[in-house]
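The following note is intended for a colleague who is new to this structure. Its points are numbered and may be read in order.

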Amino acid sequence: MFTLISPQQYRKIPWKNGLGHTLELAISPGGTINDFDWRLSIATVAQNGVFSNFSGYSRKLVLISGQGVSLTHDKKQTDELSDLLQYSCFDGGAQTMSLLHGGPIDDFNVMVKQGNYQADVLTFNEVTDLNFTVDELTYIYSVTSDIALMHPSQESPVIVPKHHLLAISADEINEVERPFGLSGKMIIVVKLKKVSEV
């Protein structure tokens, strides 16, 4: 039902363009840096520059620390991320340039292969009793503090410590249609679903 992934289990992966590293939190079974259905990661952007090319993928990038960044895609659209948990959605094949607002930032990345998977990203600064249901595969990331997850089938809440990732598999949950209760601060929820099941 639940799998808690600790920071010690994350993998440090070089960027495709060689300009930095990414912490890979989770990736689809059998996935590699060049071929995967979905991937969750965290990266530090320490200087202005171009993002790696991920043609064939859709990206959602969430600001989780720092003073902000401007992302310009194909010299056309610019997304301004100034507040924590703001996010940008863009084509992985676009030429995306970053312009830091005042020093390095950390971002939480969700990438899915176009035509294979869909990702819904929900962010919460603070919730005390949020009800939500899970999809085929749901991940919950704690940015700054412990968060608690409660399901009617559980006697006690599942605690997700700071910087940990919780995986919830819907296939293993009884009465999955009954909502979970979620409480905590600075939370990212990622719902992954096969496009054929959308």
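1. Arg 59 has Met 111 of strand 11 as its bridge partner, and Arg 39 likewise stands opposite Met 111. Strands here are DSSP runs (E, at least two residues), numbered from the N terminus. The model is a predicted one, in which local features need pLDDT of at least 70 and side-chain atom pairs count only at pLDDT 80 or more, while totals for chains, interfaces and linings use all residues. Residues are numbered from 1 along each chain as its sequence is written, and side-chain values use heavy atoms, with hydrogens and water left out.

2. Strand 11 (105-113) pairs in the antiparallel sense with strand 4 over 8 bridges. Strand 6 and strand 11 also pair in the antiparallel sense, over 8 bridges. Two strands count as paired if DSSP finds at least two bridges between them.

3. Which residues does Leu 40 touch, not counting residues up to four places away in sequence? They include Leu 23, Phe 108, Val 110, Tyr 139, Val 190 and Leu 192, a contact being heavy atoms within 4.5 Å.

4. The largest pocket holds about 350 Å³ of space. Of its 29 lining residues, Trp 15, Ala 43, Val 45, Phe 51 and Ser 52 are the closest to its centre. A pocket is an open set of points on a 1 Å grid over the protein atoms alone, where a 1.4 Å probe fits, with protein on both sides within 12 Å along at least five of seven lines; lining residues have an atom within 4 Å of a point. The volume is the space filled by probe spheres set on the points, which are joined across faces, edges and corners. Strand 4 gives the most to this lining, with 5 residues.

5. The second largest pocket holds about 240 Å³ of space. Its lining has 17 residues, with Leu 23, Ile 42, Ile 64, Asp 106 and Tyr 141 nearest its centre. Strand 3 provides the largest share of this lining, 4 residues.
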